[in-house]
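Work through these exercises with the structure open. Each task is followed by a stepwise solution.

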Amino acid sequence: MIGWRCCGCWSGTPPIILGPVPPSSASSSSSAESKAKPQTNRLHIAGLVPLALSLTFAFNSPTPSLAIPSLNSPFPSPSPSLPTTPFSQSKDLPLGLQDDGKIRPCPSVNPGCISSNPKSSSFAFPWRIPDSSSGDPLLKLKQAILQTQRNPKFLVIEDTPYGQYLQAEVDGGFGRDVLEFLVKGDVVAYRCMAAKVTYVYPFTTALGDSKGQEERLKKIADELGWYAPSFDSMD
């Protein structure tokens with residue numbers, strides 16, 4: 001506060017008015033602090049408002065790095081491939097002709113198979129239809145299967161650009177076996193295969209023998225009277 005100084009007030013002489021007394025430094029500083037504090041608080045509050053708004057916008061806005069990929073995304077992450085084993089391969093054995101129109105070879109995981117495809121490990125020579133044979137060879141083949149096999153079921157009988165194709169199922173040693181024949185002119189290609197590969201725990205070697213398939217094919221060929229060459233006949 002601004003005061004007035006009085007000299008001689010206590011000596012009995014008339015007072016001399018000297019003028020306003022400037023406030024002391026202590027009182028001025030305390031006054032400045034009292035005035036500055038509310039202003040400082042107002043400045044802090046004013047600065048926190050935009051900061052809070054920016055944080056709210058940041059947390060509510062989608063961030064690409066933290067976004068969860070959609071199930072319908074055009075670029076799904078590749079799933080890890082499962083290891084391929086002989087057992088898993090034996091669950092899905094392909095049937096039918098190859099893309100080049102040939103009989104398929106025997107799968108390496110299936111020992112109960114024989115095929116006239118030269119790439120097969122269990123190979124057998126194709127049959128030859130003698131000139132004396134007459135009639136539809138595919139119809140005669142179907143009749144021979146009915147006569148020599150148990151519970152036959154014919155799945156496919158059709159004409160293809162590569163010849164006449166026949167696919168049938170019959171009873172085998174461990175389940176059902178699949179017979180496939182391709183008749184082209186006087187040559188008959190074939191594959192005879194167990195439809196189910198059997199494993200005995202804990203062994204990983206499949207059970208099966210191509211000898212049983214050879215005996216089945218021999219019965220069919222003998223019923224037809226067609227020529228079935230073999231390695232034994234070449235000795």
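The model is predicted.

**Exercise 1.** Are Trp127 and Trp226 buried or exposed, and how are their rings arranged?

*Solution.* 
- Start with burial. Both Trp127 and Trp226 are buried, that is, under 20% relative accessible area.
- Next, take the ring geometry. The centres of Trp127 and Trp226 lie 6.4 Å apart, with 70° between the planes. Pairing needs centres within 6.5 Å, and planes over 60 degrees apart count as edge-to-face. The Trp127–Trp226 pair is therefore edge-to-face.
- Now place the residues. Trp127 belongs to strand β4 (residues 127–128), while Trp226 sits in the segment after α4 (210–224), so the pair ties together parts 99 residues apart in sequence.
- Finally, widen the view. Ring pairs link Trp127 and Trp226 with Phe181 and Tyr190 in a cluster.

**Exercise 2.** Classify the ring pair of Phe123 and Phe125.

*Solution.* 
- The ring centres of Phe123 and Phe125 are 5.2 Å apart.
- Their planes meet at 75°, so this pair is edge-to-face.
- Phe123 is partly exposed, at 26% relative accessible area.

**Exercise 3.** Find which strands pair with β6, and decide how enclosed β6 is.

*Solution.* 
- Begin with strand β5 (residues 153–160). Seven bridges join β5 to β6, and the two run antiparallel. A hairpin of two residues connects them.
- Turn to strand β7 (residues 176–184). β7 pairs with β6 over eight bridges, also antiparallel. Four residues separate β6 and β7 in their hairpin, where Gly175 has a positive phi of about 150°.
- Check one position. Gln164 in β6 is the bridge partner of Asp159 and stands opposite Val183 in β7.
- Eight of the nine residues of β6 (residues 163–171) are buried, so the strand is largely enclosed by the rest of the structure.

Notes: Residues numbered from 1 in each chain as written. Predicted model: local features only at pLDDT ≥ 70, side-chain atom pairs only at ≥ 80, totals over all residues. Heavy atoms only, no water. Phe/Tyr/Trp six-rings, centres within 6.5 Å; stacked < 30°, edge-to-face > 60°. Buried < 20%, exposed > 50% of the residue type's maximum accessible area, 1.4 Å probe, protein only. Pairing = 2+ DSSP bridges.
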